[in-house]
Each structure stands twice: as structure tokens, then as C-alpha cells.
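Subject: Structure for you to look at

Hello,

Here is the structure I promised to pass on. Please open it alongside this email.

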Amino acid sequence: MTGRKLVIALAGNANVGKSVIFNYLTGLHQHIGNWPGKTVERAEGTLHFKGYTIDIVDLPGIYSLSTYSLEELISRKYIAVERPDVVINVVDASVLERNLFFTLQLIELEAPMIIALNQMDMAKKKGIEIDTKKLEKLLGIPVIPTVAIKGIGIFQLLEKAVEIIEKGRMAKHVEVKYGWEVEERIAKVTKMIGEIQFWYPPRYVAVKLLEDDEEIAREVNRIDPQIVSTAKKLANEIENLHGHSCSTVITSERYEAAGRITREAQKLVSPIKPPIEERIHTLTTHKLMGYPIMAFSLLLMFYFVFTFGDYASELLNNFFYGLEPLFVSLFGTGIVGKLVWGGIIEGVLAGVTIALPYIVPFYLILYFLENSGYLSRIAFLMDSAMHKIGLHGKAFIPVMLGYGCNVPACLGCRIMETERERLLAAFVTTLVPCAARTVIILGLVGQFIGIQWALMLYVFDLLIILALGRLAFRTLPGEPTALIMEMHDYRMPHLKTVLKQTWFRVAEFIKIAFPLIIVGSLAIKFAEILNLLEPIATVLSPVTVMWLGLPVITGITLIFGVLRKELTLIMLAALLGTTNFAQVLTPVQMVVFTLVAMFYIPCIATIAALVREFGWKKALFITVFEIVFAISLGGVALRVLALTA
Amino acid sequence: MERQGSERLEVPLTALRDGETGIVTSIKAGRGGGWGRGWGLEKRLMDMGLTPGTKVTVVESAPFHGPLEILVRGSRLALGRGIAERIFVEIEKE
């Protein structure tokens, strides 16, 4: 028993089963956070094996180690700088060539590594047979065939990893060789680098300089600008020889190398009939059938989530409020009791009764769909629609999430490629009527004016999203990105992985939303105890009464609505002393009130999510903008509706 | 027949019909106002396997000016139309 600590990193393309392997290895001992100062997720876990304490770091799923995306840069730096004891490169056997392109880049980084050749079963189904022994020889790296979803090969993987570490520096893997005209120039640059120490190996630095890699050029420039300028000159020579940029030439040749190895190691036998996955794919992306199937699946999902959510939420509410008398008998109804119950406990309850019943099933289904591959098909189908607001297909996923709750929707914007795109998508999602707003729309307009008016509000919301989305798209500097997305083969999701992903997301939601909800409800409770609410409502009355034509007390309800939007309606009933809103509000007032409630502010939890993802400034800007926008909209709506009424 | 023998035709990927295959000749990103430069469009596409000389098959293009589904190096990709218009391929006509 040495008790020695080891670090193993998992690296590979997206959707190759990396997180399934990660879950198998680490079980419950995992921790998900962010890379320091970045919005990129960092999953880490520990396990004990043969007397070692092994730290497993799950690097983001990426296709390359260039520096255009944060994920790629982080992964590359981690491997070069932190130097994990071994890198397990998870490779999708059914898309070997593209995966090996990444493997070759890891090899160039000269990281000690082994390959987990995953999804062997899927490959076989597609008629792909891989000679692992041959692959091992061609790469000079141990290859362990795995079927992660069934846990096959995981133990061998660990054994091999430990064996390699124990043997000291590993067996030599092959060198990735380029054409002579490139090799010649790599040699020149490598010679210039000579003894200078970088985080990266000298040959790697040379190749990357020729590839015009910004990060490495910057680093080398600090020490010897001569090297960078020479590399530029040499790269130009290659460009003149080939008629393509040097980076294109190198990438092509790297891919050629991956292709050669693939052709040698794999054998294709065409399957007798197209597998069922293939037929589902054709159907779900079909020009005609794809859309109704999508609409049906999404409706089914929302129906299930809301039905289950309402039921569970009521159960929880009844349970907790059933405890209120007990609580009162303990703390009394004095100021302290009021603050603790009305502030803290009700705050927590608000969170719990939203988080558990709605967010949990929502995430469960979402991750199920994502891991199965269906979400990427939805993004494919919705791409042209999302372009109307300057975003691409992937942005539909957070927007869809927004209909459940804006908080996960904001966090879900991480799937977008650039900061600009993330912000645009997040802004749009805050305009999506979430479950709480649905309560208001259906409970007020739907019930007292008519369901067709409620539906019109939804359509109107879409128009607003379209208009504001376009406006934001035009005003925000930077260039748009577009859809480049892999659609991996359909597969059965690994349930434990889905559960775990759900759990981490729910925990994240609790961490982000709860503190602010509690602080917010305490503040409001304070104001209530100090009898400040009515003065505040009076102060707000120029806006609420004169501009929006609503009763004075709506000022109070709108303040409560910041905590969670359905409170605007619940408080309205409480303050007006009736749930028959038709007695106290005119239809026009109902529409105006609902419109304002829909847009007037992202709720406090959403603001917290915005702050976390984009910082105070941007969150504040979005919040203020939406307040001004909603009030203007409400006033205009009042005047327009008054004309038609 | 105005085209004879193995004359080569260079067209954007969007010109291929469903099921047709072409060979990538170039990616014209970065030109015209720097579209795609900042997020490394060209590099991203090549990293996904769309290097010059690679065979690409258009499986299907989505309606309403939607994205293209393509097969490249054994993987299935969805590409926005704006991107696909910048990828030039060569079709060999017999």
C-alpha cells in the first residue's frame, strides 16, 4: 500500500461515451465545478485502486486541440502544464478516423496515454470491425476495447493505466510524420527553439507555430520573436508550394495519417439491412415528418413535466404548509417568527416547490434526449427558424428549456460557441414564458377572458422574441456563428449517467437560485413588517395607475413577482381578497397586467444565473432594459386596447 | 452535351443534390468582412474532417433554407447553410 496519488485525465471527442466511463470510474465520488475563472465545466472524481488514490479529470469533449474554443485551449494546457500521469483517450470505434485525428494531436503533445476504444458494439452494428492489436501497433499505444454503457472493459482500462504508470514513462508511440517539405521546416523551427523550455514539447511548438497558433505564437514571441517571424516565413513557403495555407496543409496531412491508420486497422462489412437507429434518424430529420414528430415529442414532454410538476408541487406545498401551525407554536407570530417563516422558510419553499417537481423531471427528460441523440436532430430541424433571430439551431435547446424555467435555460446557453452567442441566447431565453408565467397567462387571461386570448399572448411573446432578438443581434458587436454540429448515431442513454447529470444540474440550480430567493423574501418580509409595502405601492402609482391603468396594489404584487413570477397572481388574489379576478379587474387590465408580468424583469433566480454567467453589468443591463420595456409595452397595450374596446 | 469527359466543376456544397458526393477543394471563410475569422470557422471545419481532397456526401438539406446533413470521414454532421455555401467542392461528371 503506497497510498500514492495518481491523476488520470479523460480526453476525447464529444459524444463518445466519455462521461459514461467517468461515471463508472468515479461512482459517487465526483465533483463538478468550473475551470478557474471560466464558464467551462470541470468534472473531477476520485477512486481507489490497487492502493492508489486516483484522481480522474474529465476534460471537455472536443474535436481538436486548436485554440479557437475555450474548451480546446483548457484541455491542451491542462495536459501540457498539469501533466496528468496518464491520459485515457476515449475513442468512438464507429467514427474511428475523426477520433484518431484527435488521438494524433494528443500523441504530438507527447502525453503518456492509452486508448479506450469505445462503442465497439455500435461499430459492429454498422459493419465496422477493428483489429485492436493492429491499431495498437500502428499507434504505439495500448488499446483497450470497451463498451462503456455495459461497463465492459472499464476494469482493464484502469489496470492498464496503472501498469503504464508503474512502468515509468510509457512505451514510445509513433511520431506523426508530415510531408518532407513540411518536415524540413518543422526541423528548422525545432532547431531554433533548441533548448528553450516551453510547456509544450519543442516539436509541438514548431508544428503549432507553422499552423499559426495564436496562443503559442504569443508565448514564443515573449522569449524570441525571431522564431515566430521565421516560422511565419516558412509557413508562407509551404503555402506557396501547396496553394493552401500552411495550417490547412498540416491539418490535411494529419487527417491523412488518421485515415491511413483507420484503413489499415478497420474492416468494413456492410450490414445486411440498415440498422433501426438509421431508420429513426431518417424519420426524425425528415423534411415533412421531422417537424410533427418533434412537435409531438416536445408537447408530450411538457405535458408530462407539468402534470407531474403540478401534482408533486401541490403535495410538497400541502406537506410544508401543514407544518406551519407547528412552526407558529414554536416561534410564535412575533417579528422573529414572521421573518423566519415568511422570509427564510417561504423562500426555501418557493425554491423547493419549483425546483423539485419541475426542474428534476425536466432535466431528466432533457438529458435522456440529449444522450440519445435526439436533441441534435431538433437543433438541425430548428436551425433555419433560429436564424430569424440571428442564432443557430443549437440555441433552440435553451429556448425550449426556457418554457420550463429560465434559470436552466440561461445555464444551458453554454452550448453556444462564442461569448456573444451565449449572451444573445440568454437574453432571448429570459423573454420565454416559463412555467410561472404560464400560471399567470392561463390563470388570469386564459380563465377570465378566454383561452384564445391566452394563446394570442403566447404568439405575441414569440413576436417580441423575434423583434428583440433581432434588435440585440444587430446591436451586439461581433460576428455571428453558424451551425457545425455532429449528429451521432442514436443510442440508448446510460441511465446512471443521465441521473447523475440531472443531479448535478439540480444542485447547481439550488446553489445559484436559493440564496437570492431567500435574501429576496427576507427583504420583502422586512418591508411588510415595517409597513413599507403600501408606501412603495403609492410611490409606484404614477407608473402602475397612471401609465398602466392598474389598481395601486399591483405595485406590491409586482414586487413580490421578482421572487417568482406566479406570486404576482397569488398576491393579487390575497390583496384583493378574491380569486374571482373578473370582479376587480377589467379584461383590458388583465391583459396589461399579464403582459407586464411576462416581461417586466427576469425573476431573481434568473438574474442570479445571468450574473453568474455574464457578470453584474450585463445582468443589470438586461434587467433594467426589460423593466423599461415591459412598462412601455404595458402602457401602449392599454391605449391600443382601449381604442379597440 | 456541353461538358465532356472528366471535366471538373467547382461548386458550393449547397449546389449538390441530396445523395450527391463531391470532393472538397477549398473553404472560403474569412473573406468578405472577415466572416468566420474570429471563431475560426475554417479551422473548425477542417478539424471536423473537411480538409481539401475529402469526399463529402450531402444526405439531405433541411427545408426553409435550413442546414445540410452531410457525411464526411464516416461521421454525420449538420452544417448551417451559410457555412455550406462557403465550402467548395468538385463534382466529377462522367
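Below is what I found, starting with confidence and then going through each chain.

**Confidence**

This is a predicted model. The predictor gives the complex an ipTM of 0.89 and a pTM of 0.89. For chain B, the mean pLDDT is 83, and 77% of the residues reach 70 or more.

Two stretches of chain B keep a pLDDT under 50. One is residues 1-5 of chain B, where the model has one contact beyond four places in sequence. Another is residues 31-35 of chain B, with three such contacts.

**Chain A: the sheet**

Chain A has an open sheet of seven strands with mixed pairing. The strand order is S2-S3-S4-S1-S5-S6-S8 (chain A). Strand S2 (30-34) and strand S8 (143-145) of chain A form the edges, each pairing on one side only. From one strand to the next, the twist averages 25°.

Strand S1 (residues 5-12) and strand S4 (residues 52-58) of chain A run parallel and are joined by six bridges. Within this pair, Val7(A) stands opposite Asp55(A) in S4(A). Helix H3 (residues 96-108) of chain A packs on the sheet. H3(A) touches S1, strand S5 (86-92) and strand S6 (113-118) of chain A. The direction of H3(A) makes about 165° with that of S5(A).

**The nonpolar cores**

In soluble globular proteins, nonpolar side chains tend to be buried together. Here, the largest nonpolar core holds 186 residues. Ile88(A), Val407(A) and Ala605(A) touch the most other members. Helix H26 (residues 587-599) of chain A gives this core its largest share, nine residues.

What does Ala605(A) contact, leaving aside its neighbours within four places in sequence? The partners are Val407(A), Ile512(A), Ala513(A), Leu516(A) and Ile517(A).

Helix H21 (residues 451-475) of chain A passes a simple length check. At 1.5 Å a residue, its 25 residues should span 36 Å, and its end C-alpha atoms are 36 Å apart, which agrees. The buried residues of H21(A) are Ala454(A), Leu457(A), Ile465(A), Gly469(A) and Ala472(A). The cover over them includes helix H19 (419-430), helix H20 (435-448) and H26 of chain A.

Now look at helix H13 (residues 290-322) of chain A, which contains Met301(A). Is Met301(A) buried or partly exposed? The cut-off for buried is 20 or more other C-beta atoms within 10 Å. Met301(A) has 19, so Met301(A) counts as partly exposed. Leu366(A) is 65 residues from Met301(A) in sequence. In space the two are 8.9 Å apart, C-alpha to C-alpha.

**Chain B**

Chain B has three helices and six strands. Along the sequence, the pattern is β-β-α-α-β-β-β-α-β. Of the 94 residues in chain B, 47% are buried. Among contacts in chain B with a separation of 6 or more, 63% are between residues 24 or more positions apart.

S4(B) deserves a look. Four of its five residues are buried, so S4(B) is largely enclosed by the rest of the structure. S4(B) also pairs with strand S3 (residues 55-61) of chain B, in the antiparallel sense, over five bridges. In this pairing, Ser61(B) has Leu68(B) in S4(B) as its bridge partner. The hairpin of S3(B) and S4(B) has six residues between the strands. Phe64(B) in that hairpin takes a positive phi near 55°.

S4(B) pairs with strand S5 (residues 75-79) of chain B as well. That pairing is antiparallel too, over five bridges. Leu71(B) stands opposite Arg76(B) in S5(B). The hairpin of S4(B) and S5(B) has two residues between the strands, and Arg73(B) takes a positive phi near 50°.

Best wishes

Note on methods
Residues are numbered from 1 along each chain as its sequence is written. Chains are lettered from A and ligands numbered from 1 in the order in which they are written. This is a predicted model: local features need pLDDT of at least 70, side-chain atom pairs count only at pLDDT 80 or more; totals for chains, interfaces and linings use all residues. A nonpolar core is a set of buried Ala, Val, Leu, Ile, Met, Phe, Trp, Tyr and Cys residues joined through C-beta atoms within 7 Å. A residue is buried if 20 or more other C-beta atoms lie within 10 Å of its own, exposed if 12 or fewer, and partly exposed in between; C-beta atoms are placed from the backbone. Two residues are in contact if their C-beta atoms, placed from the backbone, lie within 7 Å. pLDDT is the predictor's confidence in each residue, from 0 to 100. Two strands pair if DSSP finds at least two bridges between them. Axes are lines fitted to C-alpha atoms, for helices over the stretch in contact, and angles run from 0 to 180 degrees between N-to-C directions. The expected span of a helix is 1.5 Å times one less than its number of residues.
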